[in-house]
Amino acid sequence: MSPIFVTGGAGFIGSALIRLLMAESDYPVVNIDKLTYAGNLASLPGLLTEPMYVFSQTDICDRAALDRLFDQHNPAGVIHLAAESHVDRSIHGPGEFIQTNITGTYTLLEAARAYWSGLSGEARARFRFHHVSTDEVFGSLGETGLFTESHPYQPNSPYSASKAASDHLVRAWHHTYGFPTVMTNCSNNYGPCQFPEKLIPLMILNAVAGKPLPIYGKGDNVRDWLYVDDHARALRLVFEKGTLGETYNIGGHNEKTNLEVVDTLCALLDELKPQPDGRPYATQKTSVADRPGHDKRYAIDASKISHELGWTPTETFETGLRKTVQWYLDNPAWVAHVVSGDYRNWLTRNYGERT
Ligand code: NAD
Ligand code: DAU
């Protein structure tokens, strides 16, 4: 069976997708990841010796390396997640976001199109390129309303602008070249193996370390939270059954203010890991300066993927958050490696110089 290329498979969502594909599908997977600070092979335990799995430490901006990978593996398709993903980093240093999210997506599209152009028969008919994107491309909502697939693009941060640009490239490659694409735009994910720069893992780890819980501005910004394994299932479904040229919004129907999220986390930690002196974790909440250009509210209308492909989330915010808190408490080795930066040497330490 031909493999699927997953880019960004050492990241938070990519690793969840690969764990799902390895556990529940027959697809061999080639994980193409540069291993930036966000890439962590410890999120894919045991896979390097798995015959259905290949890891390649490759930058998606490297056209020659991508051509070699297409030539060597003859993939049945690509699920493209590799990106710079953190809004705050994009505000402080947008260059990497332009490079990976725009130039990288362009380079990958061109390598994939060259490969697809050389295919014939069934291999050509079945090939597809799935671009994984975000609801942030739509900008910010007011008190009411939901993002549908036809919502106008109005990105507000360097991150979301770079993702919007990549979405437009994918759309144009389908329209102009007939290149077989599908696209998904998802809301905020949470779950195991998320790098602790994002709200939920940052709050869990700061709380148990006795550090402040930094809440931007008033804490009244709203995000629509989805458990990462529900996103991974949706990605597999769209990759397999989505209509070419279409986009699908994915969301959890879990709109929460940031303060609600942090208070729920604190209450879960009070129950699962009470402080020796009985002090509630919520006492560590600290108001800090707001994020520049902070989008007020995101909320997804996921009715298209639900009606057309039959996807609905399985986790509620309460069940998913409980699992997530428990995972961070149960995996101190993963956390310690990430906090110390040691995870960056994981490949060499476990498998020598082989990549
Ligand atoms: P992440 O930051 O955890 O992981 C990104 C991965 O991409 C890392 O493993 C990193 O090493 C890799 N990477 C970065 N630059 C690369 C390059 N030039 N070449 C090859 N690999 C490179 O990100 P995530 O949260 O898992 O997000 C994955 C995708 O999903 C992104 O495209 C993101 O925009 C999108 N998305 C994320 C969320 C969310 O809530 N996290 C929601 C919707 C969409
Ligand atoms: O909506 C999808 C997007 O969700 C993805 O495309 C991005 O890759 C992903 O990072 C996420 O973006 P956000 O900016 O919404 O996520 P973040 O976890 O950084 O912040 C969530 C909210 O919490 C946001 O309103 C900012 C706030 N926040 C965040 C941090 C890190 C705080 O109040 N304090 C913090 O320390």
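Helix axes are lines fitted to C-alpha atoms over the stretch in contact, and the angles between them are taken between N-to-C directions. In this predicted model, helix α11 (residues 317-330) and helix α12 (residues 332-340) pack at an angle of about 75°, their axes lying 5 Å apart. Because angles of 65 to 115 degrees count as roughly perpendicular, α11 and α12 are described as roughly perpendicular to each other. The contact is formed by W327, Y328, L329 and D330 of α11 together with P332, W334 and V335 of α12, and by class it comprises six nonpolar residues, one charged residue and no polar residues.

Helix α4 (residues 95-117) and helix α6 (residues 158-177) pack at an angle of about 20°, with 8 Å between their axes, and are therefore roughly parallel to each other. The crossing in which α4 passes α6 is right-handed. Residues of α4 in this contact include F97, I102, Y106, L109 and W116, while those of α6 include Y159, L169, V170, W173 and Y177; by class, 12 residues of the contact are nonpolar, four are polar and three are charged.

The largest nonpolar core has 46 residues, and those with the most contacts inside it are V6, L17, Y53, L81, I250, I305 and W311. At least two residues of this core are supplied by each of several elements, among them β1 (4-7), α1 (12-24), α8 (228-241) and α10 (303-309). Leaving aside residues up to four places away in sequence, I305 touches A234, V238, Y248, N249, I250, G310 and W311. A second, separate core of 30 residues includes L213, L265, W327 and Y343.

How values were computed: Residues numbered from 1 in each chain as written. Chains lettered and ligands numbered in written order. Predicted model: local features only at pLDDT ≥ 70, side-chain atom pairs only at ≥ 80, totals over all residues. Heavy atoms only, no water. Core = buried A, V, L, I, M, F, W, Y, C linked by side-chain atoms within 4.5 Å. Buried < 20%, exposed > 50% of the residue type's maximum accessible area, 1.4 Å probe, protein only. Helix = DSSP H or I, 4+ residues; strand = E, 2+ residues; numbered from the N terminus. Contact = heavy atoms within 4.5 Å. Axes fitted to C-alpha atoms, helices over the stretch in contact; angles between N-to-C directions. Parallel < 35°, antiparallel > 145°, perpendicular 65-115°, else oblique. Left-handed = near helix turned anticlockwise from the far one by under 90°. Nonpolar A, V, L, I, M, F, W, Y, C, P; charged D, E, K, R; others polar.
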